[in-house]
Amino acid sequence: MKTSSIHPPIPLNDQPLNEETSTRAKGVFLMLGAVAAFTVSVLMLRSAGIAGSIWIATCVRYGIGLIIVTVIYLPKGQFKPLRLIRDPDLMMRGVLGCMGVYLFYATIPKLGAGVSTFISTTYVVIAPLIARVYLKERLTPRQAGLMLLAMIGMFIMTGLSGASAPPARYVVIGLIGAVLAAIVVVYIRKLTRTEHSSTIYAAQCFFGLLIGCGPALLQQTGPRIESASLTAMLLSGVMASIGQLLMTFGYKYLPVTEGGLMALCAPVAIMAGGVLFFGEPCSGARVAGAGLILSASVLMIGLKKGPPVERASD
């Protein structure tokens, strides 16, 4: 990624120390809200039973996202749609973001949900390394240790300890998607200095629709989606958009390391929802893995951090 000469990297530790507590608390609250919204979104999609219509579901999600930011933020002058095709960083955030999502979905049929989810969440380890170089964010040994603890928990929770070797080709595809997700997180963190969160999120919606509309139209030739499933799909799109906006706002106040680790709470909540509402099996190993993830997240929040980056006003 090439740094813009207009907005050079700003060290993330130049804010007054008395702002640290309030801004971090706000960031944690926003990230927890994002986790809740993403969990509801996935469970609604699960209830819709539209695993074969993922292109349609994703385009519906992006379309709803654009409608939300346009209705709420355009009248306030905060959403600036022309920036989506004029700012290279926004364009990269949008294109790489939707490509990462589509690559993740492409691996699920071949690798299974558990392996695909584990590989995709490796962005939590990759993103802080990029942020350390590109955004000058600190990465301490204790933070690195907590990230490793969370990844061990994810490995256990997704049931990979006894799994056979997955197809190498799709593992590579999944890793490419994880790297793209890591780059996108760093772009989001950087863009919060100069752009409103609605514009940052709209970039993914806009380019996601451009890329996904063709496959979605072709997918319409498949089985007809029932009205109940369509309603669940629409509600899922609304919740996903809310979650994405909350997450983007959250990265204004939390560094990449902390925000990414908190995002791992979403698979834990989704697993719990699957057990409660869909009768999915839950072993002691899965509970132990979830406990490691939650413990790492709580310990990360408890670490004393430097203050956040200079931010664009909302």
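Student: To begin with, what percentage of the 314 residues of the chain count as buried? After that, please show me how helix α2 and helix α3 pack.

Tutor: Happy to! Please keep in mind that this is a predicted model. Of the chain's 314 residues, 49% count as buried. The accessible surface comes to about 14,300 Å², and carbon and sulfur atoms account for 70% of that surface. As for secondary structure, the chain has eleven helices and zero strands, so reading along the sequence gives the pattern α-α-α-α-α-α-α-α-α-α-α. Now look at how the chain meets itself: among contacts with a separation of 6 or more, 91% are between residues 24 or more positions apart.

Now for the part you asked about. Two packed helices are described by the angle between their axes and the distance between the axes. Helix α2 covers residues 54–73 and helix α3 covers residues 88–120. These two helices pack at an angle of about 150 degrees, and their axes are 11 Å apart. Because an angle over 145 degrees counts as roughly antiparallel, α2 is roughly antiparallel to α3. The crossing in which α2 passes α3 is right-handed.

Which residues make the contact? From α2 come I54, W55, T58, C59, R61 and Y62, while α3 brings C98, V101, Y102 and Y105.

The loop between α4 (123–134) and α5 (141–157) holds K136. Most residues other than glycine have a negative phi. K136, however, has a positive phi, near 60 degrees, and is a residue other than glycine. Is K136 buried, partly exposed or exposed? Its relative accessibility is 44%, so K136 counts as partly exposed.

The other spot is S283, in the loop between α10 (265–278) and α11 (284–302). S283 has a relative accessibility of 34%, which means that this residue counts as partly exposed. Along the chain, S283 and G159 are 124 residues apart, yet their C-alpha atoms are separated by 9.3 Å.

Key:
Residues are numbered from 1 along each chain as its sequence is written. This is a predicted model: local features need pLDDT of at least 70, side-chain atom pairs count only at pLDDT 80 or more; totals for chains, interfaces and linings use all residues. Side-chain values use heavy atoms; hydrogens and water are left out. Axes are lines fitted to C-alpha atoms, for helices over the stretch in contact, and angles run from 0 to 180 degrees between N-to-C directions. Helices (H or I, at least four residues) and strands (E, at least two) are DSSP runs, numbered from the N terminus. Angles under 35 degrees count as roughly parallel, over 145 as roughly antiparallel, 65 to 115 as roughly perpendicular and the rest as oblique. A crossing is left-handed if the near helix is turned anticlockwise from the far one by less than a right angle, and right-handed if clockwise. Contact means heavy atoms within 4.5 Å. Buried means under 20% relative accessible area, exposed over 50%, partly exposed in between (1.4 Å probe, protein chains only). Accessible areas come from the Shrake-Rupley method with a 1.4 Å probe; for residues, only the protein chains shown count as cover.
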